Amino acid sequence: MKKSLLLLVTLLASSFSFATSTPAGFTDDLDAALASAKDKGKFVYICFSGSDWCGWCIKLEKEVFSDATFAPAVKDKYELVFIDSPQDKSRLSETAKAKNPGLTKQYKVRGF
């Protein structure tokens, strides 16, 4: 019983450690998305977000991005990129932690 419980706790903990703030169907790697879009003849849609503090960002994710029909409806024409600036940085991938602050500056994002 103890081994089963330990295994369950380990599996749950590992599943949470891989969760990121990036919505399903999006990537947080702009460079990869740009390369893929160029290769496939697609446009790039970039969403700059404050996923855990910006009211409008949270509403957009809940009402649009999390809708199961959104990503399939746009995937043929767009590479979807999510550049997040959350207060809780632990939910960012290593790529996002390294690049998002610079991208926000580069694209002169002043508000969310």
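This is a predicted model: local features need pLDDT of at least 70, side-chain atom pairs count only at pLDDT 80 or more; totals for chains, interfaces and linings use all residues.
1. Overall architecture. The protein chain contains five helices and two strands. Their order along the sequence is α-α-β-α-α-β-α.

2. Burial and surface. Of the 112 residues in the protein chain, 29% are buried. The chain exposes about 7,900 Å², and 61% of that area is supplied by carbon and sulfur atoms.

3. Contact range. Among contacts with a separation of 6 or more in the protein chain, 73% are between residues 24 or more positions apart.

4. The buried side of H2. Helix H2 spans residues 30–40, and its buried residues are Leu 30, Ala 33, Ser 36 and Ala 37. These residues lie on the same side of H2 because they cover an arc of only 125° around the axis. An α-helix has 3.6 residues a turn, so residues three or four places apart point the same way.

5. Cover and the opposite side. The buried residues of H2 are covered by elements including strand S1 (43–49), strand S2 (78–84) and helix H5 (94–106). On the other side of the helix, by contrast, Lys 38 and Asp 39 are exposed.

6. The ends of H2. At the start of the helix, a side-chain oxygen of Asp 29 comes to within 3.3 Å of the backbone nitrogen of Asp 31. After the helix comes Gly 41, which has a positive phi, near 70°.

Notes
Residues are numbered from 1 along each chain as its sequence is written. Side-chain values use heavy atoms; hydrogens and water are left out. Buried means under 20% relative accessible area, exposed over 50%, partly exposed in between (1.4 Å probe, protein chains only). Helices (H or I, at least four residues) and strands (E, at least two) are DSSP runs, numbered from the N terminus. The arc is that of the directions from the helix axis to the C-beta atoms. Contact means heavy atoms within 4.5 Å. A polar contact is a pair of N or O atoms within 3.5 Å; within protein, one must be able to donate a hydrogen and the other to accept it, and residues adjacent in sequence count only if both atoms are side-chain atoms. Accessible areas come from the Shrake-Rupley method with a 1.4 Å probe; for residues, only the protein chains shown count as cover.
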